[in-house]
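Hi,

Here's the structure I said I'd pass along. Have a look at it first, and my notes follow below.

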Amino acid sequence: MSLTISQILACDGATPEIAGITFDELARAVDDRHDDLVGMLRDLEDVWEAGEGRTAALEAGVALRQEILTAQAALVGTGPALREFASGARALAALLSQTVNEARAHGVGVADDGTVMSI
Amino acid sequence: MHGQEAAAARYALAAQESYATQLRQLLADAAALDEATIAKLTANRAPNSATGPMAGAIPRQSVPVAGTDPATVHAWWDGLAEEERRYVVANHPDLVGNLDGVPIDARDQANRIVFDQETDRLQAHRHDLADREAYLRQMMREGRLAEVYPDLAARGLSVRDAALFDLETIDQQRADSDGKLKGIGQIADRLNVTDPSRQRAYLIGFSTEGDGRAVVSIGNPDTADNVLTYVPGTGADITHPGGDIKRAEKMAIDASPGVGTNTVTDLHGVSADQVWSTRADGDPIHFVPDLDLVHGNDPTRDDFGGRVFTSDPGGHSDYWNKGNQARRNIAIIATGQGVVS
């Protein structure tokens with residue numbers, strides 16, 4: 001997909017950076033909740049010794065644990081992807097801005113799609 | 001006149017072409033960044049099945065053991081699918097966090113998980129110690145220590161001495177946990193910086209065993225232009241630097257009684273002219289005997305063979321103080337910008 005100069009300059013790198021950090025924190029929080037769930041399942045096993053209800057409760061807990069782990073693993077990779085995008089977008093915006101300004105100073109006009117013309 | 005106009009026209013055309021090329025490249029880079037981000041975010045989405053088995057499960061025993069050749073580890077990592085890598089990081093973070101050959105991004109993620117787990121463990125241990133202490137003191141006050149140590153009481157031994165010994169042990173363990181938690185707090189402060197103007201920190205090594213150990217990189221060494229290995233403190237053996245410092249182009253050692261070797265040529269993976277050391281006047285490390293057999297030579301000694309930089313006088317923890325010449329010198333060594341004094 002082609003992007004325009006104004007779209008790139010309008011991208012505020014701080015926002016995806018903070019979103020990336022937030023995803024990191026979310027991944028850690030989910031990890032903590034997973035630990036809580038493991039503790040709760042352990043307690044359940046100790047205090048609920050027999051019966052179909054016990055079996056159903058433990059099975060539900062194991063399935064839920066799997067879902068949490070799956071979600072956590074997905075979250076772990078999302079934060080870095082957003083932070084890397086933020087870093088790249090900031091660098092590209094700075095270079096683009098500098099290049100456009102220099103071009104104009106040398107009598108070269110720049111259209112939003114990157115094509116140039118003399119002014 | 002005609003010639004000058006033609007030259008000006010040629011110059012204008014060349015400028016246009018140059019800027020057009022630069023802008024095309026930057027727009028192409030932006031599109032590539034966009035595509036790469038889409039690919040990463042898509043790869044990191046959880047499978048649609050809400051209750052199905054976790055994708056890419058990798059058994060613990062199939063992860064290369066510590067000490068495996070980094071190239072072998074890297075080949076293993078490259079052979080994993082994206083979901084398998086996520087599984088390894090999420091489920092075996094203790095195995096891959098310090099594993100040489102695993103990319104820094106993944107090690108950082110794994111170590112942050114271990115970091116949180118260790119923090120939780122130490123805090124839980126701290127609470128257990130407080131509960132045990134309160135229990136012992138209450139039983140002591142109520143004269144019921146024989147209930148706590150029935151075997152000793154049955155043999156006529158002093159239950160009070162046993163309680164005092166346990167309380168002393170609790171004190172020592174608490175001091176140990178507090179020290180580690182304090183260090184963890186300081187690391188967390190740097191890891192969790194949300195100021196976008198500050199470079200991201202990567203946790204590329206972490207362990208609370210012994211005195212604890214953390215390797216924090218400012219910026220990603222896998223993609224950095226300059227990689228400086230900073231070796232702080234007492235008695236680090238870096239004769240065979242691991243993956244943390246496998247890309248060591250330069251090494252800065254401060255306040256060290258020795259680095260496990262007598263000469264710079266025994267340090268593998270870094271050239272002698274890029275190994276720098278310093279010791280501040282006033283640093284009590286001067287009082288550690290320079291015994292070759294214990295730590296190796298003092299790395300600031302001439303016969304060690306490395307290069308030496310100056311520090312302002314100060315204590316063992318002052319090298320990074322703002323304005324300290326050591327801090328300026330380490331920055332110059334890292335970036336190659338300026339003259340080390």
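**What I found**

Let me start inside chain B: B:Ser177 is found in helix α8 of that chain. Keep in mind that this is a predicted model. Is B:Ser177 buried or exposed? Its relative accessibility is 2%, so B:Ser177 counts as buried, the cut-off for that being under 20%. If you skip the neighbours within four places in sequence, the residues in contact with B:Ser177 are B:Leu122, B:His125 and B:Arg126.

On to helix α5 of chain B, which covers residues 104-141. With 38 residues, α5 spans 54 Å from its first C-alpha to its last, close to the 56 Å expected at 1.5 Å a residue. Just after α5(B) comes B:Gly143, with a positive phi of about 65°.

One more spot in chain B: B:Leu157 sits in the loop between α7 (150-154) and α8 (159-191). Its relative accessibility is 44%, so B:Leu157 counts as partly exposed; that label is for values between the 20% and 50% cut-offs. B:Leu157 is eleven residues from B:Ala146 in sequence, and their C-alphas are 9.9 Å apart in space.

How much area is buried between chain A and chain B? It comes to about 3,900 Å², and carbon and sulfur atoms give 64% of that. Chain A puts 48 residues into the contact and chain B puts in 42.

For the specific pairings, there are two salt bridges between chain A and chain B. In a salt bridge between B:Asp116 and A:Arg28, the side chains meet at 3.8 Å, N to O.

Which elements of chain A give two or more residues to the side that touches chain B? They are α1 (5-10), α2 (14-47), α3 (52-105), β1 (108-110) and β2 (116-118). The biggest share comes from α3(A), which gives 26 residues to that side. Sorted by class, the side of chain A that touches chain B has 25 nonpolar, eleven polar and twelve charged residues.

That's what I have for now.

Cheers

Key. Residues are numbered from 1 along each chain as its sequence is written. Chains are lettered from A and ligands numbered from 1 in the order in which they are written. This is a predicted model: local features need pLDDT of at least 70, side-chain atom pairs count only at pLDDT 80 or more; totals for chains, interfaces and linings use all residues. Side-chain values use heavy atoms; hydrogens and water are left out. Helices (H or I, at least four residues) and strands (E, at least two) are DSSP runs, numbered from the N terminus. The expected span of a helix is 1.5 Å times one less than its number of residues. Contact means heavy atoms within 4.5 Å. Buried area is the accessible area (1.4 Å probe) that two parts lose on being put together, summed over both. A salt bridge is a side-chain nitrogen of Lys or Arg within 4 Å of a carboxyl oxygen of Asp or Glu. Ala, Val, Leu, Ile, Met, Phe, Trp, Tyr, Cys and Pro count as nonpolar, Asp, Glu, Lys and Arg as charged, and the others, Gly among them, as polar. Buried means under 20% relative accessible area, exposed over 50%, partly exposed in between (1.4 Å probe, protein chains only).
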